[in-house]
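This report describes the strands, local contacts and aromatic pairs of the structure shown below.

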Amino acid sequence: MRKFSFYSGVLSTAIISQVAVQQVQAQVTPEQIATVRNVTSSAISDNGEFVAYTFSIPTDPKKENSGNKSALYILNTKTGQTTPFFTSANVSQIAFRPNKGTVTFITRKDGDKTNGVYEINLNGGEARKVF
């Protein structure tokens, strides 16, 4: 009986250590972290029909040494369709303008010396500088 207990203990230890090794191997790697995309901010229209959100897209650290890019996306809650709305520069501070059918945000377009407040219509089109 003692022999059985000894072998049982050794076998249990071997199994537990194998499980521990597998758990260590299942951890997130730096390469995986560098590809994580996430929503960083959001705003809901007054009527609840649209959700504007910024989507953080990481750059490949092996190709470029820079931070994440942040793009503006619009979700139509009635259809479930998501549309990239402004992806040419980083976007922050998104908000819907009440009764205007537009989204405002802060960005710095090519050629701008400083950040500006821009507005884009929910029907599409080009973002125009407001301030």
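A residue is called buried when its relative accessible area is under 20%, exposed when that value is over 50%, and partly exposed in between. By this criterion, F86 and F105 are both buried. The model discussed here is a predicted one.

**The four-stranded sheet**

Four strands form an open sheet in the order β1-β2-β3-β4, and their pairing is antiparallel. Strands β1 (38-44) and β4 (82-86) stand at the edges with a single partner strand each, so one side of each has no neighbour in the sheet. From one strand to the next, the twist averages 30 degrees. Strands β3 and β4 run antiparallel and are joined by four bridges. Opposite Y73 stands P84, a residue of β4.

S70 lies in strand β3, which spans residues 69-76. Its relative accessibility is 15%, and S70 therefore counts as buried, because the cut-off for that class is under 20%. Apart from neighbours within four places in sequence, S70 is in contact with T40, T54, F55, S56, A89, N90 and V91.

T40 belongs to strand β1. With a relative accessibility of 48%, T40 counts as partly exposed. When its neighbours within four places in sequence are left aside, T40 is in contact with T54, S56 and S70. The side chains of T40 and T54 make a polar contact at 2.6 Å.

How enclosed is strand β6 by the rest of the structure? Strand β6 covers residues 102-107, and five of its six residues are buried, so this strand is largely enclosed. Strand β5 (residues 92-97) runs antiparallel to β6, and four bridges join the two. Within this pairing, A95 has T104 of β6 as its bridge partner. The two strands form a hairpin with four residues between them, and N99 in the turn has a positive phi of about 60 degrees.

Strand β6 also pairs with strand β7 (residues 116-121), in the antiparallel sense and over six bridges. Here V103 stands opposite I120, which is in β7.

**Aromatic pairs**

The distance of the centres and the angle of the planes describe a pair of aromatic rings. The structure holds four aromatic pairs, and two of them are set out in the table.

| Pair | Centre distance | Plane angle | Class |
|---|---|---|---|
| Y53 and Y73 | 5.7 Å | 20 degrees | stacked |
| F86 and F105 | 5.0 Å | 45 degrees | tilted |

The planes of Y53 and Y73 are 20 degrees apart, so the pair is stacked. This pair links distant parts of the chain, with Y53 in strand β2 (residues 50-57) and Y73 in strand β3, 20 residues apart. Y53 and Y73 are both buried.

For F86 and F105 the angle is 45 degrees, so the pair is tilted. This pair also links distant parts of the chain: F86 is in strand β4 and F105 is in strand β6, 19 residues apart.

Y53 and Y73 also belong, together with F55, to one aromatic cluster.

Technical notes:
Residues are numbered from 1 along each chain as its sequence is written. This is a predicted model: local features need pLDDT of at least 70, side-chain atom pairs count only at pLDDT 80 or more; totals for chains, interfaces and linings use all residues. Side-chain values use heavy atoms; hydrogens and water are left out. Buried means under 20% relative accessible area, exposed over 50%, partly exposed in between (1.4 Å probe, protein chains only). Contact means heavy atoms within 4.5 Å. Two strands pair if DSSP finds at least two bridges between them. Axes are lines fitted to C-alpha atoms, for helices over the stretch in contact, and angles run from 0 to 180 degrees between N-to-C directions. A polar contact is a pair of N or O atoms within 3.5 Å; within protein, one must be able to donate a hydrogen and the other to accept it, and residues adjacent in sequence count only if both atoms are side-chain atoms. Rings of Phe, Tyr and Trp (its six-membered ring) pair if their centres lie within 6.5 Å; planes under 30 degrees apart count as stacked, over 60 as edge-to-face and the rest as tilted.
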